[in-house]
Amino acid sequence: MTRRRGAFGVLLVLVLLLAACLLAAPALVERHYNEVVPRPRASPSARALALHRRLTIVDLHADSLLWGRDLLDRSPRGHVDVPRLVEGNVAIEAFTVVTKTPRGLNITRNDDRTDMITPLALVQRWPPRTWGSLRERALYLAGRLDAAARRSDGRLTVLRTRDDVGRYLERRRRAPETTAGVLGLEGAHALEGDLAAVDALFDAGFRMMAPTHFFDTDWAGSAHGVAKGGLTAKGRALVRRLEERRVLLDLAHASPRTIADALAMATRPVVVSHGGVKGTCPSERTLSDEHVRAIAAGGGVIGIGYWETAVCGREPRQVVAAIKHVVSLVGDDHVGLGSDYDGATTVGFDTSQLAALTQQMQGDGLSEAQIRKVLGGNVVRVLRAVLPER
C-alpha cells in the first residue's frame, strides 16, 4: 500500500508539472516571438499628440488571435489588445488568422511539409476539430474574435460591411474609447483545396484573404516558396470568387508572378496588408517600384510594417522612410499601416505607442492631410469600396 501511495504521489506530481507546463507554454512562446525592444527616443510633442488623437487610425495586419490571450485584457506580452488599441487611438485593426507555418520559417524558401501551428493548438487547448483541419482553425479563431466582441460591452466591434464601417465610425466620434476589428486570412491553404469554402469563411466574417503565406499553395506561388509561381487556374477562380463575395484580396507574401497575375485580373482595389518596399529595404518581403505603381493604379493600398525584414529596422524613422518612398512614387493615396504585430515579430513600439509614428511623420515634413490618409484614411476608402454594402 505504501508503495502504491508513493507511486500515486509521483504520478500526481508529474501530472501537475505537465499541466503547469501546458499553462505556461503559450506565454513563454509568445514572449520569445513577439518582443518589443525600444530604443531611447523623445516623447511625442504636444502638437503630435493633439493630431494623433484626432486621427482615424487603421492597421491592416495583426496576428493577435493566434496566441490565446484575452483581447479584452491588457497583457504584459505581445503587441496588441483592446486596451492598447484604445490607448494608441486605433479605430480599426485587421485581425489576421494564421492556420499553418513551416518549421524553420524564413523569407527565402519554405515548403509545406511541416506545421508549427499544430503544437501551438495543442498547448493552447484548441478544440480537437482544429488539430487536423486548417479550415476549422480559421473558423475557431474567427469565433474567438466574435466572442470577445460580444463580451466587450461595446469596446470592440467586428466589421463585415460598408454599413458596419459607417455606423461604427459615426459612433466612435461620440465614444472614442472603442475599437473595431476586420477578419483576414493568411493563406488560402485554409480552404483545404475547396473553392466553396470561401462561402463558409465569408459567413464566419472573413473580409480579407491572401492566396499564400510562407509556402506555395495549389492556388498561387509565395514569395517565400519553392517554385514561386503565379496564380494557378484554381487561384484565378479564387480571385474571381473573392471579388464576387466582395472580400478584399491581400497580396502580402505573394510571389512577383502571383502579384502580376492577380493585378492583371483584379477589378477592385487590392491591398498588401503588411510588408515594405525595395526602395528602402531590399528583401523577399518587400515590393519593387513596379509593383507599387501597379497596386496604386488599381486604387489599392500598401501596408508598411514595423519589423526588420520589411523596413530594415524597427523604429519610426525606418517605417516612415518606407511610407515616404511610396508617396514619392505614387502619391499619398496608396500607403497605410501594416504592422504585423503579434506575427512572430520584434518591434520597437507596440500599438499603444503609435503617436511615435505621427511625431516622425510630422518631423519628416508630411502634412496633416497626408498623415490622415496614411494612418487610416486610405484604408477606410478601400474598405468602403470593396466590402459588401450590408
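Which helices each supply at least two residues of the lining of the largest pocket? Let's keep that in mind while we look around, remembering that this is a predicted model. The helices in question are α1 (2-33), α4 (117-123) and α11. Of these, α4 gives the most to the lining, with four residues.

The largest pocket holds about 730 Å³ of space. It has 33 lining residues, and those closest to its centre are Tyr33, Thr101, Leu105, Gly343 and Ala344. If you sort the lining of this pocket by class, you find 17 nonpolar, nine polar and seven charged residues.

From here, turn to the second largest pocket, with about 540 Å³ of space. Its lining is made of 24 residues, and His52, Arg53, Gly88, Asn89 and Arg172 are the closest to the centre. Four helices, α2, α3 (82-87), α6 (162-174) and α13, each supply at least two lining residues. The largest share, four residues, comes from α2. By class, the lining of the second largest pocket divides into 10 nonpolar, seven polar and seven charged residues.

Helix α2 deserves a stop of its own. Running over residues 46-54, α2 has Ala48, Leu51 and His52 as its buried residues. These three cover an arc of only 105° around the axis, so they sit on the same side of α2. What lies over the buried residues of α2? The cover includes β1 (57-62), α13 (355-363) and α14 (368-386).

Rolling a probe the size of a water molecule over the atoms shows where empty space is left. Here the count comes to two cavities of 30 Å³ or more. The largest cavity has a volume of about 60 Å³. Its lining draws at least two residues from each of β1, β2 (90-98), β5 (206-210) and α14. Among the lining residues are Val58, Leu60, Ile92, Met208 and Val379, along with Asp59, Glu93 and Arg207. In all, the lining of the largest cavity has nine nonpolar, no polar and three charged residues.

The second largest cavity contains about 40 Å³ of space. Its lining residues include Glu243, Val247, Arg268, Pro269 and Val386. Seven nonpolar, no polar and two charged residues make up this lining. Leu248 lines the largest cavity and also the second largest cavity.

Our last stop is a covalent link. How many disulfides does a search of the whole structure find? The search finds one, joining Cys281 to Cys312 with an S to S distance of 2.1 Å. The two cysteines lie 31 residues apart, in distant parts of the chain: Cys281 in the loop between β7 (271-277) and β8 (286-287), and Cys312 in the loop between α11 (308-311) and α12 (316-330). The torsion about the S-S bond is about 80°, so the disulfide is right-handed. Cys281 counts as buried because its relative accessibility is 1%, whereas Cys312, with a relative accessible area of 37%, is partly exposed.

Definitions and conventions: Residues numbered from 1 in each chain as written. Predicted model: local features only at pLDDT ≥ 70, side-chain atom pairs only at ≥ 80, totals over all residues. Heavy atoms only, no water. Disulfide = S-S within 2.5 Å. Buried < 20%, exposed > 50% of the residue type's maximum accessible area, 1.4 Å probe, protein only. Arc of directions from axis to C-beta. Contact = heavy atoms within 4.5 Å. 1 Å grid on protein atoms, 1.4 Å probe; cavity = no way out; pocket = protein on both sides within 12 Å on 5 of 7 lines; lining within 4 Å. Points joined across faces, edges and corners; volume = space filled by probe spheres on them. Nonpolar A, V, L, I, M, F, W, Y, C, P; charged D, E, K, R; others polar.
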